[in-house]
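Here is a short tour of one protein, written for someone meeting it for the first time. Keep the picture open while you read.

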Amino acid sequence: MRFLVEAFDKKTDFQAFVVELPQGCDEQIKSIMSWTTDQQGWEGYNLSPTQLSAIERLIGKSIQDTDHYFQLTCNV
């Protein structure tokens with residue numbers, strides 16, 4: 001599974017940037033998102049600040065800011 005964090009501008013709703021999460025982090029993402037089942041590869045989720053902070057620790061960099069909202073997408 002390929003996981004992407006997409007950042008969208010709060011004023012325009014246009015996608016501002018995308019961060020691809022490391023391969024092999026499925027179990028960590030499942031825990032962060034509190035999923036009880038495996039994803040199918042077409043889902044998208046709004047991220048809470050807590051979830052985004054956990055993902056930032058996973059990727060080792062800060063991406064959170066007040067100008068954007070963030071979504072996690074699952075892709076096959």
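What does the accessible surface of the protein come to, and what percentage of that belongs to carbon and sulfur atoms? The accessible surface is about 4800 Å², and carbon and sulfur atoms hold 49% of that. Accessible areas here come from the Shrake-Rupley method with a 1.4 Å probe, and for residues only the protein chains shown count as cover.

## Before you start

You're looking at a predicted model, where local features need pLDDT of at least 70, side-chain atom pairs count only at pLDDT 80 or more, and totals for chains, interfaces and linings use all residues. Residues are numbered from 1 along each chain as its sequence is written, and side-chain values use heavy atoms, with hydrogens and water left out.

## The overall layout

Let's begin with the big picture. The protein has 2 helices and 4 strands, and reading along the sequence gives you the pattern β-β-α-β-α-β. With a radius of gyration of 12 Å, close to the 11 Å from the globule rule for 76 residues, the protein is as compact as a globular protein of that length. Helices (H or I, at least four residues) and strands (E, at least two) are DSSP runs, numbered from the N terminus. The radius of gyration is taken over C-alpha atoms, and the globule rule is 2.2 Å times the number of residues to the power 0.38.

If you trace the C-alpha atoms along the principal axes, the protein spans about 35 × 25 × 20 Å. Of its 76 residues, 37% are buried; buried means under 20% relative accessible area, exposed means over 50%, and partly exposed is in between (1.4 Å probe, protein chains only). Take the contacts with a separation of 6 or more: 62% of them come from residues 24 or more positions apart. A contact means heavy atoms within 4.5 Å.

## Charges and salt bridges

On the charge side, the protein carries 6 positive and 11 negative side chains, with the centres of the two sets 4 Å apart. Lys and Arg count as positive and Asp and Glu as negative, while His and the chain ends are not counted. The place of a charge is taken as NZ of Lys, CZ of Arg, CG of Asp or CD of Glu.

Side chains of opposite charge can pair when their charged atoms come close. How many salt bridges does the count come to? There are 2, a salt bridge being a side-chain nitrogen of Lys or Arg within 4 Å of a carboxyl oxygen of Asp or Glu. One of them joins Glu20 to Arg2, with the closest N and O atoms 3.1 Å apart. That pair links distant parts of the chain, as Glu20 sits in strand β2 (residues 15-20) and Arg2 in strand β1 (residues 2-9), 18 residues apart. Glu20 is partly exposed at 41% relative accessible area, and Arg2 is partly exposed at 37%. Lys30 and Asp38 also meet in a salt bridge (3.5 Å, N to O), and Asp38 is exposed at 56% relative accessibility.

## A look at helix α2

Now turn to helix α2 (residues 49-59), where you'll find Pro49. Pro49 is exposed, with a relative accessible area of 55%. The C-alpha atoms of Pro49 and Asp65 are 9.9 Å apart, and the two residues are separated by 16 residues along the chain.

The buried residues in α2 are Gln51, Leu52, Ala54, Ile55 and Glu56. They pack against β1, α1 (26-33), β3 (44-46) and β4 (68-75). Glu56 is buried yet has no salt bridge, and the nearest side chain of opposite charge, Arg57, is 6.7 Å away. Setting aside neighbours within four places in sequence, Glu56 is in contact with Lys61, Ser62, Ile63 and Gln64. After α2 comes Gly60, with a positive phi near 75°.

## Loops and a strand residue

Asp13 is in the loop between β1 and β2 and is partly exposed at 47% relative accessibility. Ser34 is in the loop between α1 and β3 and is exposed at 60%.

Finally, find Asn46 in strand β3. Asn46 is exposed at 57% relative accessibility, and touches Gln51, Phe70 and Gln71, not counting residues up to four places away in sequence.
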